[in-house]
Amino acid sequence: MLLYLVQHAEARSEADDPRRDLTEKGRMDIEAVAHHLKRLKVEVKQIFHSGKTRAHTTANILAEHLQPSAGISEAQGLAPMDDPGIWAERLAKMDENIMLVGHLPHLGRLTALLMSGDKERSVVNFQMGGAVRLQHMDGDQWALDWMIVPNIIL
């Protein structure tokens, strides 16, 4: 199983937009990343997002390019301060490639929990609009395959 973790792209400040939708730069960044993921032939069954506008918009742009067979869905447990154990337990029961679009510190803590067993350990430096690919290894161990960030491909 492959797991793709994506931090939402750059969003407007709450003062400029209470909904916090993506900035033009954020849209351009995630379009570029999504296009690159398509060129890499990334296939996911479903894209899950937190429901916050910035994550939902990011997920929609990714879905336009990747065409997940089960579409996109809002999911509990992906908000910035949610317990990463929620998704660690869900992932243990899954075997199909999926993508999670969310926020820090949650994505960093989930990645740390999956890779090291310690959610407080810093193992990946997420960037807005960046995508991380983890591969499920034996047992409950996950390993980092690669990471793509907008400033590498733009």
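**Close-up 1. The packing partners of helix α1 in this predicted model.** Which residues of α1 are buried? They are G26, D29, I30, A32, V33, A34, H36 and L37. An α-helix has 3.6 residues a turn, so residues three or four places apart point the same way.

**Close-up 2. Helix α1 from end to end.** The helix covers residues 24-39, 16 residues in total. Its first and last C-alpha atoms lie 23 Å apart, close to the 22 Å expected at 1.5 Å a residue. K41 follows α1. The phi of K41 is positive, near 60°.

**Close-up 3. The open sheet of six strands.** The strand order is β3-β2-β4-β1-β5-β6, and the pairing is mixed. Why is one side of β3 and of β6 left without a neighbour in the sheet? Both β3 (72-74) and β6 stand at the edges with a single partner strand each, so one side of each has no neighbour there. On average, neighbouring strands of this sheet are turned by 20° against each other, direction ignored.

**Close-up 4. The pairing of β2 with β4.** Strand β2 spans residues 46-49. It runs parallel to β4, and four bridges join the two.

**Close-up 5. Helix α4 across the strands.** Residues 106-116 form α4. This helix lies across β1, β4, β5 and β6. Relative to β1, α4 runs at about 155°.

Methods
Residues numbered from 1 in each chain as written. Predicted model: local features only at pLDDT ≥ 70, side-chain atom pairs only at ≥ 80, totals over all residues. Heavy atoms only, no water. Expected span 1.5 Å × (residues − 1). Buried < 20%, exposed > 50% of the residue type's maximum accessible area, 1.4 Å probe, protein only. Contact = heavy atoms within 4.5 Å. Pairing = 2+ DSSP bridges. Axes fitted to C-alpha atoms, helices over the stretch in contact; angles between N-to-C directions.
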